[in-house]
Amino acid sequence: MDQAVSVNADPDMPSDSEGRSSRWRNWTGFWLLGLCNNFAYVVMLSAAHDILKQQGSHNSTSPTPSTVALDVEGGKSRYDCSPVSAAAVLLADILPTLLIKFSAPFFIHKVPYGFRVLVCVATAIASFLVVSFSSTVWISILGVIFASVSAGLGELSFLSLTVFFSRDVLGGWGSGTGGAGVAGALLYSALTQAGLSPRNTLLVMLVVPVAMVISYFFLLVFPPSFPQWKCREVESVRGGDSQSRRPLLDDTEEEEREKGVEGVFIMSACEDKVTGPLTCIEKLNIIKGLLRFVVPLGVVYFAEYFINQGLLELLYFPNFYLSHAEQYRWYQTLYQVGVLVSRSSLCCVKFRRIWALSLLQCVNGVLLLLSVYYQFLPSAWLVFVIVLYEGLLGGAAYVNTFYFISKETGDRQREFAMATASVGDSLGIAISGLIAFPVHRYFCSL
């Protein structure tokens with residue numbers, strides 16, 4: 001059986017067989033795939049809130065947990081709280097993604113890439129249609145779940161797909177996913193401000209899944225033997241090639257050893273003449289090797305979304321010229337701008353020490369938690385700067401994590417490793433949502 005060549009396995013310089021035009025098409029294709037894959041996820045966080053609010057006004061005969069204020073003692077909180085924390089919507093949007101990322105890497109290799117993309121497109125279309133035409137809260141939540149399934153399956157599939165192309169497509173993917181946050185929020189706000197209802201705005205968004213189909217099937221230049229509609233079998237790996245693909249970066253390795261840290265060698269020392277799919281033992285060994293990347297990434301996103309969904313809506317400055325809603329909207333916009341800039345920076349700077357980024361993000365979380373409780377920050381301008389910086393840290397952690405996993409894994413393990421590592425950010429987000437919700441309730445009860 002022919003084996004699809006993984007250009008990614010080679011050093012950073014592109015292969016001679018991949019022309020400049022193909023490289024540009026592939027980078028652009030992955031940029032659009034990243035944009036389209038995260039677009040529905042981002043839009044749902046805004047659109048579902050608007051439509052649920054409309055449904056609440058139509059079905060307000062009896063109070064529900066989503067419409068009851070957190071003022072349990074009849075007094076007014078010192079915080080200008082919304083009835084339901086943003087963490088509640090976040091959990092509905094992230095838990096299906098987390099479930100997929102935990103389970104899919106162990107069987108998804110049996111599903112050809114072409115079918116995976118069609119499932120992503122179908123669930124994205126379903127999410128827009130279901131939420132736009134929903135008449136009850138639970139149907140809207142079902143639409144949010146469809147968006148989560150599309151984003152989760154798409155992320156692990158497209159990250160795995162990068163192994164068949166030169167490594168610079170990771171920069172395109174990272175930049176596209178960062179751009180989805182800014183583009184999704186701005187486009188949704190612009191269309192609704194122009195007079196379109198949230199329902200009609202979501203119907204306009206159906207162009208996004210169509211763009212995903214065009215980007216994948218017509219823009220990407222696949223290797224001739226790429227298994228588009230059939231399962232890929234792992235063939236033998238030549239010993240000579242495996243030696244050149246080890247992460248033997250002498251300077252980095254010596255630097256790590258001087259600090260008492262062993263180099264990360266996820267690929268097997270005996271990779272020569274290995275054939276067939278990965279065994280369970282091999283997969284567990286790969287997961288063990290990935291922990292030093294995945295855990296710091298999860299910590300970064302835990303702190304990041306604890307800030308975004310648990311603290312930012314409590315950081316309200318009454319004497320500022322922007323309203324509470326406008327301040328919160330700018331917090332989220334500046335965060336997305338920071339993510340976009342740092343996820344697009346892979347071509348300029350690479351940073352392997354993800355643990356340092358996680359430490360800095362935790363400092364941000366502690367600082368803003370204390371500022372919510374003691375209210376010592378003088379102005380929203382300072383929060384704007386902190387939130388932009390927070391986005392820069394999160395985006396840098398994401399794109400550098402997958403770059404170095406791609407660089408430091410062998411050909412045979414890389415596809416599984418890229419899919420499995422995608423669970424890191426989702427796990428951190430889910431845990432942050434579980435913690436941010438009671439924290440929000442606590443502060444709103446003060």
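Mentor: Keep in mind that this is a predicted model. Let's begin with asparagine 308: beyond its neighbours within four places in sequence, asparagine 308 is in contact with Tyr328, Gln332, Tyr335 and Glu390.

Trainee: Where does asparagine 308 lie?

Mentor: It lies in helix H10, which covers residues 280-311.

Trainee: Is asparagine 308 buried or exposed?

Mentor: Buried means under 20% relative accessible area. Asparagine 308 has a relative accessibility of 0%, so it counts as buried. Its side chain also makes a polar contact of 3.4 Å with the side chain of glutamate 390.

Trainee: Let's zoom out. What does the secondary structure of the protein chain come to?

Mentor: The protein chain has 15 helices and zero strands. Of its 446 residues, 52% count as buried. Among contacts in the chain with a separation of 6 or more, 86% are between residues 24 or more positions apart. As for the surface, the chain exposes about 20,300 Å², with carbon and sulfur atoms supplying 65% of it.

Trainee: How should I read aromatic pairs?

Mentor: A pair of aromatic rings is described by the distance of the centres and the angle of the planes. Here the count comes to 28 aromatic pairs. In one of them, phenylalanine 30 and phenylalanine 165 sit edge-to-face, 5.3 Å centre to centre with 75° between the planes.

Trainee: Which parts of the chain does that pair link?

Mentor: Distant ones: phenylalanine 30 is in helix H1 (residues 20-58), while phenylalanine 165 is in the loop between helix H4 (137-161) and helix H5 (169-193), 135 residues apart. Both phenylalanine 30 and phenylalanine 165 are buried. They also belong to a cluster linked by ring pairs, including Tyr113, Trp173, Phe226 and Trp229.

Trainee: Which residue lies over the face of tyrosine 113?

Mentor: That is arginine 116, at 4.1 Å from the ring centre. Elsewhere, arginine 343 lies over the face of tyrosine 398, at 3.7 Å from the ring centre.

Trainee: And how many disulfides does the structure hold?

Mentor: A disulfide is a covalent bond between the sulfur atoms of two cysteines. This structure holds zero disulfides. Take cysteine 348, which is in no disulfide: the nearest cysteine sulfur belongs to cysteine 347 and is 3.7 Å away. The cut-off for a disulfide is 2.5 Å between the sulfur atoms.

Trainee: Is cysteine 348 buried or exposed?

Mentor: Exposed means over 50% relative accessible area. Cysteine 348 has 67%, so it is exposed. Cysteine 280 counts as exposed as well, because its relative accessibility is 63%.

Methods. Residues numbered from 1 in each chain as written. Predicted model: local features only at pLDDT ≥ 70, side-chain atom pairs only at ≥ 80, totals over all residues. Heavy atoms only, no water. Helix = DSSP H or I, 4+ residues; strand = E, 2+ residues; numbered from the N terminus. Buried < 20%, exposed > 50% of the residue type's maximum accessible area, 1.4 Å probe, protein only. Contact = heavy atoms within 4.5 Å. Areas by Shrake-Rupley, 256 points an atom, 1.4 Å probe, with all protein chains shown as cover. Phe/Tyr/Trp six-rings, centres within 6.5 Å; stacked < 30°, edge-to-face > 60°. Lys NZ or Arg CZ within 6 Å of the ring centre and 35° of its normal. Polar contact = N/O pair within 3.5 Å; in protein donor to acceptor, adjacent residues only side chain to side chain.
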